[in-house]
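Subject: Structure handover

Hello,

Please find below the structure I promised to pass on. My notes on it follow.

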Amino acid sequence: MSQEAHRWHLKPERGSEFGLHFMLWLYQFMGKHLTRLLLYPVVVYFYLTDRTARKHSRVFFERVYRNPGENSALNQPPSEWDGFKRFYNYGCALVDSIEVWSGTQWFANVTWHGLECIKWLNEQKAGAVIVSAHLGNVDAMRVAAKSKTSKQIKVLMYTDHAQRFKKLLEHLNPDASKDIIPLETLDAMSVLEMQKLLELGDTLGILADRVAVGSRDRTIEVPFFGESAPFPQGPWILASLLKCPVFLLFCIRTDSSHYEIFIEPLADQIILPRKQREEKLRYWISEYAARLEEFCRQYPHHWFNFYNFWSEDAHR
């Protein structure tokens, strides 16, 4: 991983921290309709003032364009419009997340892909782990899933600003934090608590594409859009400790009020034998990265990692 990427992991993400503060303020004092109306000038401001994010966004789009595949959304060289569209979609995701976490009524038309996975989960007594990424908006999925299952979906936040995020949300909804499980410190007691939740039938969701603070050396590099990129080991080690089925899920906003939700089985159980630990970790991370690449290729404007994801790009 590059030194630039290391520095990014040691500070709060600008968009997540300041952007969420600002969006929460707008939402509290102006309501959701005016917030959505003001989204364009807000996004224009962030796009024009964040040169570094624009640079890495361009690098990402160039990689997607140079590595085409089936259902690729980039059929021509990327432009400034692609970068702006990505920023705008991130703003829309922030507003939707605020609506979801604030407990207000949130409505959207949803098309499910892999609904048989939800039906299978409903038939099981125990829960499962759902792995996703900073692609689309998994918060919206939590609301949409309520019409399909009675199982509780808990969010495992593996970031340095999870506590700040919780405090921000509690300004809108004091009950919001009950569905969040911070992962800054993972010990035997917290794993036991998660296992109890799974035994009760709850589903645990975790994002597996971003390295947590303090875990810079606990990554494995696997191919991602033609070059090696670092992915965290933590989500897969945790999944192996929980000894439960693992599903892959992405929730993409394809229109102003329409979402596509994709869910598919990834593993009956993640097993990491001591002598083959790194080999198996590399296998599962590679499987995840390959599927993530396919969805990023199809929905590149919904990939919300605005930092240097590939090590050699730091020297550009």
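In helix α6 (residues 115–123), C117, I118 and L121 are buried, where buried means under 20% relative accessible area, exposed over 50% and partly exposed in between, with a 1.4 Å probe and protein chains only. Helices (H or I, at least four residues) and strands (E, at least two) are DSSP runs, numbered from the N terminus. Seen down the axis of α6, the buried residues fall within an arc of 100 degrees, so they line one face of the helix; the arc is that of the directions from the helix axis to the C-beta atoms. The face turned away from that buried side carries the exposed residues E116, K119 and E123. Among the elements covering the buried residues of α6 are β1, β8 and β9, with contact meaning heavy atoms within 4.5 Å.

This is a predicted model, in which local features need pLDDT of at least 70, side-chain atom pairs count only at pLDDT 80 or more, and totals for chains, interfaces and linings use all residues. Residues are numbered from 1 along each chain as its sequence is written, and side-chain values use heavy atoms, with hydrogens and water left out.

Next, the sheet. Seven strands form an open sheet in the order β1-β9-β8-β2-β5-β3-β4, with mixed pairing; two strands pair if DSSP finds at least two bridges between them. β1 (109–113) and β4 are the edge strands, each pairing on one side only. From one strand to the next, the twist averages 30 degrees. Axes here are lines fitted to C-alpha atoms, for helices over the stretch in contact, and angles run from 0 to 180 degrees between N-to-C directions.

Two helices pack on this sheet. Helix α5 (residues 80–102) touches β3, β4, β8 (246–255) and β9 (258–267), and its direction makes about 110 degrees with that of β8. Helix α9 (residues 188–199) touches β3, β4 and β5, at about 130 degrees to the direction of β5.

Within the sheet, strand β3 (residues 153–157) has five of its five residues buried. I153, V155 and M157 point one way, K154 and L156 the other. In a regular strand the side chains alternate between the two faces of the sheet. β3 pairs in the parallel sense with strand β5 (residues 203–207) over four bridges, and V155 stands opposite G205 there. Three bridges join β3 to strand β4 (residues 180–182), also in parallel. In β4, I180 is the bridge partner of V155 and I181 that of L156.

One histidine is worth a look. H302 is found in the segment after α11 (277–298) and is buried, with a relative accessible area of 10%. A polar atom of its side chain lies 3.3 Å from the backbone oxygen of R253. Leaving aside neighbours within four places in sequence, H302 is in contact with N89, H134, L135, G136, I252 and R253.

Finally, confidence. The chain has a mean pLDDT of 83, and 82% of its residues reach 70 or more; pLDDT is the predictor's confidence in each residue, from 0 to 100. Confidence is lowest in helix α1 (residues 3–9), at a mean of 40, and highest in α11, at 97. Over residues 1–15, pLDDT stays under 50. Where pLDDT is low, the predicted coordinates should not be read in detail.

Regards

Methods: Polar contact = N/O pair within 3.5 Å; in protein donor to acceptor, adjacent residues only side chain to side chain.
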